[in-house]
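Subject: Structure handover

Dear colleague,

Here is the structure you are taking over. The notes on what was found in it follow below.

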Amino acid sequence: MTEHPRQEGDTVEPLPEIWTGRATNRAQWLLAAVGLACIALGVVLAVQSNWTSGFAALLMSVIGCVAAGLLILFGTLAFVHVAVRVDGDCLEVRCGHMGLPRRRILLAHVVDADFAPKVNPRQWGGWGYRWRPEMGTGVVVRRGEGLVLRLGDGRTFTVTVDDAEAAVRIIRNRLVLGRPGSPAAGT
């Protein structure tokens, strides 16, 4: 995160009560199309085959194509985009169109928040909900900026999201306000 020196006359803009951010990966729509193609191949095999070459082999081909297609389709659609919401007491991450998987982290469990200017899916082993022993847990839907939370139990959580610097500012502000001895904590 870059710090900019304040000059006289600069006004401090108030932070919003609720911050929302999103990140989208349009390239995953290509993978979803591959999943649809696998499902279509399974349907074509089931409908147009004369089933004389062997019932078991054809049935396994149809089931395999449809199952692989469904896994690819739903696996990619779950991580086409991510929505992040920071409100008064927590950060919530929702993936895909259905909002699943979902992760909710209470700000009381957050020690610090950092801005990561370059999060790369290759560092995490691909797109999606990832865990790496040396890096912690992450929701990576595209290459670019992200938000890194350090949690009280020593773990880290990373999420790629647009305007991650604003999220870091808001979270850090809430962490300062929530600490004992801070001006707002005693009121």
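Where does Asp87 lie? Asp87 sits in the loop between β2 and β3; helices (H or I, at least four residues) and strands (E, at least two) are DSSP runs, numbered from the N terminus. At 15% relative accessibility, Asp87 counts as buried. Here buried means under 20% relative accessible area, exposed means over 50%, and partly exposed is in between (1.4 Å probe, protein chains only). Leaving aside residues up to four places away in sequence, Asp87 touches Glu17, Ile18, Leu107 and Arg174, where contact means heavy atoms within 4.5 Å.

Before the rest, a note on the basis. This is a predicted model, in which local features need pLDDT of at least 70 and side-chain atom pairs count only at pLDDT 80 or more, while totals for chains, interfaces and linings use all residues. Residues are numbered from 1 along each chain as its sequence is written, and side-chain values use heavy atoms, with hydrogens and water left out.

Overall layout

The protein chain has four helices and nine strands. In sequence order, the pattern is β-α-α-β-β-β-β-α-β-β-β-β-α. Of the 187 residues of the protein chain, 37% count as buried. Among contacts between residues at least 6 apart in sequence, 56% join residues at least 24 apart. The accessible surface of the protein chain comes to about 11,300 Å² (Shrake-Rupley method with a 1.4 Å probe; for residues, only the protein chains shown count as cover). Carbon and sulfur atoms account for 60% of that surface.

The interior

A nonpolar core is a set of buried Ala, Val, Leu, Ile, Met, Phe, Trp, Tyr and Cys residues joined through side-chain atoms within 4.5 Å. The largest such core has 30 residues, and Leu91, Val93, Leu147, Leu149 and Ile171 touch the most other members. At least two residues of this core come from each of β1 (19-24), β2 (81-86), β3 (90-95), β5 (110-119), β8 (144-151), β9 (156-160) and α4 (164-178). The largest share, seven residues, comes from α4. Apart from this core lies another, of five residues, among them Ala116, Val119, Val140 and Val148.

Leu91 has contacts with Val84, Arg85, Val86, Arg103, Arg104, Ile105, Leu107, Leu147, Leu149, Phe157 and Ile171, again not counting residues up to four places away in sequence.

Cys90 is buried at 2% relative accessibility, and Cys95 is buried with a relative accessible area of 1%. A search of the whole structure finds zero disulfides, a disulfide being a pair of cysteine sulfur atoms within 2.5 Å.

Salt bridges

How many salt bridges does the structure hold? There are eight, a salt bridge being a side-chain nitrogen of Lys or Arg within 4 Å of a carboxyl oxygen of Asp or Glu.

Asp112 forms one with Arg150, and their closest N and O atoms are 2.7 Å apart. Asp112 lies in strand β5 and Arg150 in strand β8, so this pair ties together parts that are 38 residues apart in sequence. Asp112 is buried, with a relative accessible area of 18%, whereas Arg150 is partly exposed at 37% relative accessibility.

Arg150 also forms a salt bridge with Asp114, with the closest N and O atoms 3.7 Å apart. Asp114 is in strand β5 and Arg150 in strand β8, so the pair ties together parts that are 36 residues apart in sequence. Asp114 counts as partly exposed, at 24% relative accessibility. Asp112, Asp114, Arg150 and Arg172 are linked in a network of salt bridges.

Another salt bridge joins Asp153 and Arg155, the closest N and O atoms being 3.7 Å apart. Asp153 is exposed at 52% relative accessibility, and Arg155 is exposed at 58% relative accessible area.

The surface

Phe55, Leu59, Met60 and Ile63 form a nonpolar patch on the surface, and together they have about 410 Å² of accessible area. Patches are made of residues with over 30% relative accessible area and no salt bridge; like charges are joined within 9 Å, and nonpolar side chains (Val, Leu, Ile, Met, Phe, Trp, Tyr) within 5 Å. Ile63 belongs to helix α2 (residues 55-77) and is partly exposed, with a relative accessible area of 46%.

Regards
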